[in-house]
Every structure is written in structure tokens, then in C-alpha cells.
Amino acid sequence: MAKKPDGPTKPTGFRRQAEALLRTTKRDVAAMPVKDVQQLVHELQVHQIELEMQNDELRRTQVELEVARDRYADLYDFSPAGHLMLDASGTIVEANLRAATLLGINRGKLIGQSLAHVIAAADQDLIHRHYQDVLKTGTRQTCEVDLREGSGASCCLYLESLAERGKPGHITQWRTVLLDITERKRAEADLRKREHEFHLLANNVPAYFSYVDTELRYRFVNKRYAELFGRSASERTGQYVKDLTSDTNFRTIESHLQEALAGREASFLYPMVLSNGDAGWMNVHCMPDHDETGKIRGVLVLETDVTAQKRSELALQQNQLVLQGKRQELQILSEKLFKAQDSERQRIARDLHDDFSQRLAALVLDVTSLQQQPPLLPELISKALEPLRKELQQLCNDLHDLAYRLHSPLLTHLGLQAAIEDHIGKAIERTGLHIVLKVNNYPRSTTLDWSTCLFRVFQESLQNVAKHAKATEVLVRLSGSSKGVGLSVIDNGRGFDARDKIGHPGLGLISMKERLRFMNGLLNIHSRPTGGTKVCAWIPFQEQTP
């Protein structure tokens, strides 16, 4: 407890004068006249009255001082801060009640203990350096220490110490103020934890975001944002947006940032150049940030990489254009196919009318003539019927060839290899070409659709050789593997410019391509004007869905 100051005990100046006068009076009163004695008595009575008044004033002052001392003791003991007086060794010589409460020790037991005794072991060096700094410099010193476990209710204290009197190096006592900062430290630890969690979240979300103040300066950028633009977060923090952006882009960005600073959310698409030089796009969303009073203090800028989405949109647009072109091409192809069908039907009708019908009509006339004028002798009848038989036989053969060209029955019953061999035999008789077939690992069991597709490619290729190539030799390869089946027709004719054929394909080439496309197959044509032509068709095996 604080030591109460003593009240005044020495006589006042007026009292000393009265005592001196009384001594003088005692020596001289016997020799004084009566009149003077009466005057002296009167003065003594006045001085006595004044002395009693001063004594009353002194008693009132002493009472007020006692009240003030009690009030000071209450304020000292119940101060929100702890107060300690320590000697040069760090021993506590005086403490208020708050200090005892903070340290968790009865005030009576606290007096005479070393302050270091209640400090945590980890902070012993810190508290001793604090002692030394106060004693050596005599200036105000501060530190933060933890109490040892079990020493009291508080766990973290703020110390502010100041020497009482004396020169630096000759200080005998110093006073320390103690403040409980446990909650503050907990709040700081919680804040650090939240900041860590925020940075952990901010640096690992798949978005790029930053915070810009009202002066358009970066106050925060997350890790992904910094990596995207090739600058570290520390390099961007505190920098103006305009200093890190081109003038053209800044004009675009600034208008949306100003819109957000005016209290309205803003979104826009931001084109950029990626680190590899490719074009990229960011979808930027600006959100105003308000303080407790509603005043805008900054803008949160959230950016999402929409490069893949934008590229998909561009690819979709490109595919739509390609699809539109394919539709137009398909329409043209359909028109050509319809025309080809009509032309083929007209050709078949013309052949049937101009050839087969005429020949049948001639046979009817010959039979009618023979019926009207039959030979007289039986042996002449056989001779007259022989030309009719031969004509009928040729007619049957021609009809068979026509039906074969429309569809080979061998393809259905014996397979692709047999149909090609038969067709090659007829082509050799018809054209005189030297045609060789080589078969390598071609599977015997293939679907009729595949066989028909490859056979039509073979027919069309061989027909083109006979009509246009002026070749003398043709090599036909039929092969198979674990991945699919293939057909190639190679001639030694004059060939053609393959680029021109690809740019302006004929109906036969279109027909072959479309047939193979339906089978997920491929058609390649290699040709040179003087190097012959090689037509290759390939149909891959389809993977079985489990």
C-alpha cells in the first residue's frame, strides 16, 4: 500500500512571533506601567484568538489531507493498471492491488519477491535486459512478456518502466506499470490466423483477384494474379494501375474502376497476351467495397480466365462456318447424285430401248417371218433357228453384264476377293490391260458394307484408268491388318495434278470419298502428270464399346 505523507508539525511564523513576545513580556512586565500592561494583555488576547483560528484551520487541513490520502490510496489500489516499485535488483518493494491481481499473488506475499520470478522462462532474458535498460539509461522502457504457467489469471503483460530519480547508472528504484494485453494478443493471433487463412485461400483459388484503393493503387494481389502478369505481389502492391498497364488497356480498365468507385458493379471482357505469346481473355468483375459508414474505400477486382471458353466459342464459330460449307457441299453433292441417278437411269433406259429393245424387236420380226414362211424341209428349220439362238445367247450375256455392273452377285456369296478377281478377268478381256491382283492378309470374313464400299472404289478407279490414264499395267493390292483393311489401285499411266482434282473433285471422286466417310474410312490419291496414279482406300476396325 502507498505510504501516506505526514502532516505539518512545525510552528507557523505567527506562532513563533507570539512565543517570542510572551518571553519578552515575562521579563519586562514587572517594570512596565499599568497602562502598558493593559495594552500588552489586549495584544495577547488578540494573538491568542488568531492562534486558535490558525489551529482550527490546521485541523481542517489535516482532516482534508487524511481524506485525500485515503482517496489516493483507493485510486492507486484500484487503478486499471498495475503499479510496482522495484529496487535496483528487480525486487518488488511496493505494489497496488491491481498489480497483485494481474500477477496472481497476494499483495503481502508479492512484496519482497523478484519480478522475474513470475515471468515465463522463455522471457527471462527479455525481462533482465529490460532491467538493465532502465537502470543504465534512466529513460522510459517497454516490453511484452508472458507469465509463467500457473502464476495467475493473465498470461501476457505489457510493461512500461521509468526510473524514479538519480543519474543513469546510479538509480536505486524504478516504477513499472503493468497492463493486461492477453486479449489483445489473442486478437492479434486470431487476426494473424485469419490473415493466413485468407492468404492461403486467396493464393489457391482458381481465380485471379486484386484490391485497388480510391487512388487506383494496388493494395493486394493474390499469387495467381501476380504470376499471370509476371510480377510478384510485393512489386505490384502500392503501385498505380496505370504504371503497370499500357495506355490503351488502362483507358478501358479505368472507366470500369471509376464506375465501381461510384458505387456500381462493373464487368467487362479484357483481352491480353499470355506468356507464350498467344491471345488470352479475362472476364473482369469490379465490386465496390464500403466501410462501416457506407463510404467507398476501394474496389475488389475479380478476374476469371475465360481463354478456353473464348477459344471454344471461336472454334464453334469456325466449326459452324465449316458446317455451313459442308452443308452447301452436301447440297451440291446431293444435286450431283440425283443428276447422276437420273443420268444412270436414262442411260439404262436408253440401253434397254436402243439396244435390247431393238434387238428383241428384230428377233420378233425374224421369228414372225420364220413363222409365216417356215422351211419346207425339217433340216432347214434348224439352220434357220441357229442365228436366232446366237442372238438370244448374246442378248442374255449382255443382260448379265449389265446386271453385274449394277451389282456383282459374287460379292454377296464369295466375298470381295472373288468379286475383284472376276471383274479383273472381264476388264482384261474388254480393255487388254495387264492387271495384277496381290492379296496380303485380307480377312475372309468382312461385312458386306465394307466389301461393297471397297469394290465400288476399285470399280471407279479401274474405270478411270481405262478411260483417262492410257496405262498399260495396273497393280491392285488388297491387304488387311489388326487395325483395318485397305485397297490400292496403282497404274503407270499419264496421271494428273492431284491438287486440281482435290480442289475441283469429280463425281466419281466425291462418290468414293462419301462411301468411305460413311465407314469412317480414308481416301488418299497420289498422282503426277508423268508418274501414274495411286488410289488408296482404308477402313479402320471400330473399337468395341465395353
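At what angle do helix H13 and helix H14 pack, and how far apart are their axes? In this predicted model, local features require a pLDDT of at least 70 and side-chain atom pairs count only at pLDDT 80 or more, whereas totals for chains, interfaces and linings use all residues. Residues are numbered from 1 along each chain as its sequence is written, and side-chain values use heavy atoms, with hydrogens and water left out.

Two packed helices are described by the angle between their axes and the distance between the axes. Helix H13, which covers residues 416-431, packs against helix H14, residues 448-469, at an angle of about 15°, and their axes are 11 Å apart; here the axes are lines fitted to C-alpha atoms, for helices over the stretch in contact, and angles run from 0 to 180 degrees between N-to-C directions. The two helices are therefore roughly parallel to each other, a label given to angles under 35 degrees, while angles over 145 count as roughly antiparallel, 65 to 115 as roughly perpendicular and the rest as oblique. The contact (heavy atoms within 4.5 Å) is made on the H13 side by Leu416, Ala419, Ile420, His423, Ile424, Ala427 and Thr431, and on the H14 side by Ser451, Leu454, Phe455, Phe458, Gln459, Leu462 and Ala466. Sorted by class, these residues comprise 10 nonpolar, four polar and no charged ones, where Ala, Val, Leu, Ile, Met, Phe, Trp, Tyr, Cys and Pro count as nonpolar, Asp, Glu, Lys and Arg as charged, and the others, Gly among them, as polar.

Helix H13 itself has 16 residues and spans 22 Å from its first C-alpha to its last, close to the 22 Å expected at 1.5 Å a residue, the expected span being 1.5 Å times one less than the number of residues. Its buried residues are Leu416, Ala418, Ala419, Ile420, His423, Ile424 and Ala427, with buried meaning under 20% relative accessible area, exposed over 50% and partly exposed in between (1.4 Å probe, protein chains only). Just after H13, glycine 432 adopts a positive phi of about 80°.

Across the chain, the secondary structure amounts to 16 helices and 15 strands, which are DSSP runs numbered from the N terminus (helices H or I, at least four residues; strands E, at least two). Of the 546 residues in the chain, 31% are buried.

Alanine 537 lies in strand S15, residues 532-540, and counts as buried because its relative accessibility is 4%. Leaving aside residues up to four places away in sequence, alanine 537 touches Leu454, Val457, Val485, Gly486, Leu487, Leu516, Leu522 and Leu523; one of these, Leu454, also belongs to the H14 side of the contact with H13. Cysteine 286, found in strand S9, residues 279-290, is buried with a relative accessible area of 1%, and its C-alpha atom is separated by 4.6 Å from that of valine 301, although these residues are 15 apart along the chain.

Most residues other than glycine have a negative phi. Leucine 216, by contrast, has a positive phi near 60°; this residue lies in the loop between strand S6 (208-213) and strand S7 (218-221) and, at 9% relative accessibility, counts as buried. Asparagine 520 likewise has a positive phi of about 60° and is located in the loop between helix H16 (507-518) and strand S14 (522-528), but asparagine 520 is partly exposed, with a relative accessible area of 47%.
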